[in-house]
Amino acid sequence: MVEAVPRLISWLESRGGRLRDIEAGEVAQGGRGIVATRDIAPGACVLEVPFPCLMTCSSALACPTVSAVVNAGPLPLTPFQVLTIHVLLETSKKTGSAWWPYLQTLPHSYTSGPYFAASDLDALAPAPSVHRRVAEAAQRTRRDWHAALPALRAMPFPDDRWRRLGAWRWAAATLGTRTMYLPPGYPGHAGGGPLGPGPDPGGLTPLGDLHNYAPPAGPLVPSLVDLLPGSVASRGGAGADAAGRAREPHPPKPGGPGSGGTGRYDADSATYRITAGLLGVPAGAQVFLDYGRYTNAELMQLYGFVLRDNPHDAAPLEVASFCVAARGAALALGPGERCIAWGGAPSWGLLRALRLAAATPAERRAGAYLALEDRGISRAGEARAFTWLRGALDRELAGATPVLVEGLRREEAGQGPPTPCAEVALAWLKEHVRILLRGLQTCDTVLSSLAEIDPERTGVRAGS
């Protein structure tokens, strides 16, 4: 497909597109990508794609065939369904499509949620919330296809394979992994009209979607400094410093978190513009794009890949993994807060909940505000909270480790995951287990520090 990119660039430039100091090619990270041909200044525009080159709901409704089917249907189609049908129709035309130079560069299959079969989900079983999330993406694709079948049957496809679930899965995954956000009111935006409810899917942006992902700078999550006894109010008194939320994140490095560029629709020029990140890009380096903040579970479902050392990743914890004393606190939190952050610390929400649950009634009456300020209430309460958390992590690892060991055994034997989706799921599990292990290390460090300070009051013995 890379060999088709020069034809795509010629097509794009003939329609007013502009490339500045970039080229497409094979890259070590991401397979295909965009590379700087010379040093690119911070914030410089590297690509302009005229709006008529994009595939959007407006281009779908501008097609008489699609528009007639949409308006004639017994039930309104969602914007996503309409754009999916548009992509299928244009791809089925091959060289007869105005977008064929772009469409022929698209992958033939994907590893995002719509492509996951039931057997691909085995590595996700240790995290039921993640398992449900990815399974639901595949089920939603099937539901959307079934609801769109009357419209698909009315489309003049060259043969019936374009109406089947496999073709729909491919087009839906194309949109899910490659569309770029467009603001309401873009040219020809339906804004309701003949379309059913649902968010606008954005637009397929030729060449723009070859930019690989660099995450934004990591979030301000608890660090070990925040968790050690020095931040416990009983040690420092009422004037003790709160957890260090205001600390500046690590400065971005080229190609790392925070170095990605941005993409946006520019109404004045009627183009979609890709600009370099705040660090610029040195010649020969890959030009990354910042899609937003995603955990690895979200990246797997939406885009079909996971990142090693993703600063936005988190390991969700199941309520059942907590002991009875902590289960109420865990139950009050959603999966997004009931988790261990990438570095091994509990989320701020989980930390507050456990601290409040671990405090005695008297401590809660006098010092609940301390937990809400992200400080410990007492040393004994900290010891209980981190003992509970350690137990939850032990139980999570007890479920995840056998699945990971079996996956690694198959890899070592040269068997490997049976499908590309299963391979992505196993990669996700590896990162999930790494976070759980970091969480265990964090709990042990905190408990050991508490034991050294006051083993009698905390009930924790050094080395226990």
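Helices H10 (residues 296-303) and H15 (residues 420-453) pack at an angle of about 170°, and their axes lie 10 Å apart. Angles over 145 degrees count as roughly antiparallel, and H10 and H15 are therefore roughly antiparallel to each other. Helices here are DSSP runs (H or I) of at least four residues, and strands (E) are runs of at least two, numbered from the N terminus. Axes are lines fitted to C-alpha atoms, for helices over the stretch in contact, and angles run from 0 to 180 degrees between N-to-C directions.

This is a predicted model: local features need pLDDT of at least 70, side-chain atom pairs count only at pLDDT 80 or more, and totals for chains, interfaces and linings use all residues. Residues are numbered from 1 along each chain as its sequence is written, and side-chain values use heavy atoms, with hydrogens and water left out.

In H10, Asn296, Ala297 and Met300 meet Val424, Ala425, Trp428 and Glu431 of H15.

Now the strands. Strand E2 (residues 22-27) runs antiparallel to E3, and 6 bridges join them; pairing requires at least two DSSP bridges. Val27 has Gly31 in E3 as its bridge partner. Of the 6 residues of E3 (residues 31-36), 5 are buried, so this strand is largely enclosed by the rest of the structure. Buried means under 20% relative accessible area, with a 1.4 Å probe and protein chains only.

Leu207 is in contact (heavy atoms within 4.5 Å) with residues including Val5, Leu12, Ala24 and Ile34, leaving aside its neighbours within four places in sequence.

Conventions
Parallel < 35°, antiparallel > 145°, perpendicular 65-115°, else oblique. Buried < 20%, exposed > 50% of the residue type's maximum accessible area, 1.4 Å probe, protein only.
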